[in-house]
Amino acid sequence: MSTKKEDLLVAAEQLFYQHGFHAIGLKAIVQEADVALMTLYNHFNSKEELILEILTRRSQVYMDYLEQGKQQASGSMAARLAAGHMNWLKDTASNGCMFLRAKEEFMSEPAHPIVQLVTSHKEDTQQLFLSNGLTPTEAARLSLLFEGAVSLAEFSPLDEVENAFMSLVQQL
């Protein structure tokens, strides 16, 4: 990938995460990335295409964190996945769930590709839980805890969120 495209993706993700998708225009993105508007259009046909790539990348990075938690942490599978989720929160997600924010901004069109991508990401997370031996009930409970931890981390100290979250995960 070209460095300019990477610069665009990083700048756009940061701006969208901080301000929302509709609030940020392409001019702000190219200014933040320090590239020409034409460079953006050389890599993306539209703002929505840019958003889709950002969300796709973010989903993959998130799944990588969960996989790392499985490999590096100890305890039950739920606890290991939760450790990966906490690492994600510590490193990248102090401003809530970018996927749910995207769905909120584009939900007026349920068939919109961004809404579909968000739904797919959430379903993939559930499928990861199930494919790692959690029952459907455990997977649903773990999802609720994951979503709650993300929400609480927006306004509570992360160490307090982690203590409460991991304690509840242990009870699954």
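Modeller: A polar contact is a pair of N or O atoms within 3.5 Å, where one must be able to donate a hydrogen and the other to accept it. In this predicted model, the side chain of His 112 reaches the backbone nitrogen of Ile 114 at 3.0 Å, so that pair falls within the 3.5 Å limit.

Colleague: What makes the side chain of His 112 and the side chain of Glu 48 a polar contact?

Modeller: The two side chains come to 3.1 Å, and the cut-off is 3.5 Å, so the pair qualifies. Glu 48 sits 64 residues away along the chain, with 9.9 Å between its C-alpha atom and that of His 112.

Colleague: Which residues is His 112 in contact with, leaving aside its neighbours within four places in sequence?

Modeller: Glu 48 and Phe 106. They count because contact means heavy atoms within 4.5 Å.

Colleague: On to the pocket. How many residues line the largest pocket, and which lie nearest its centre?

Modeller: There are 19 lining residues, with Tyr 62, Cys 97, His 121, Lys 122 and Glu 147 nearest the centre. Helix 7 gives the largest share, 5 residues. The space inside is about 210 Å³.

Definitions and conventions
Residues are numbered from 1 along each chain as its sequence is written. This is a predicted model: local features need pLDDT of at least 70, side-chain atom pairs count only at pLDDT 80 or more; totals for chains, interfaces and linings use all residues. Side-chain values use heavy atoms; hydrogens and water are left out. On a 1 Å grid over the protein atoms alone, a cavity is a set of points where a 1.4 Å probe fits but cannot get out, and a pocket is an open set with protein on both sides within 12 Å along at least five of seven lines; lining residues have an atom within 4 Å of a point. Grid points are joined across faces, edges and corners, and a volume is the space filled by probe spheres set on the points. Helices (H or I, at least four residues) and strands (E, at least two) are DSSP runs, numbered from the N terminus.
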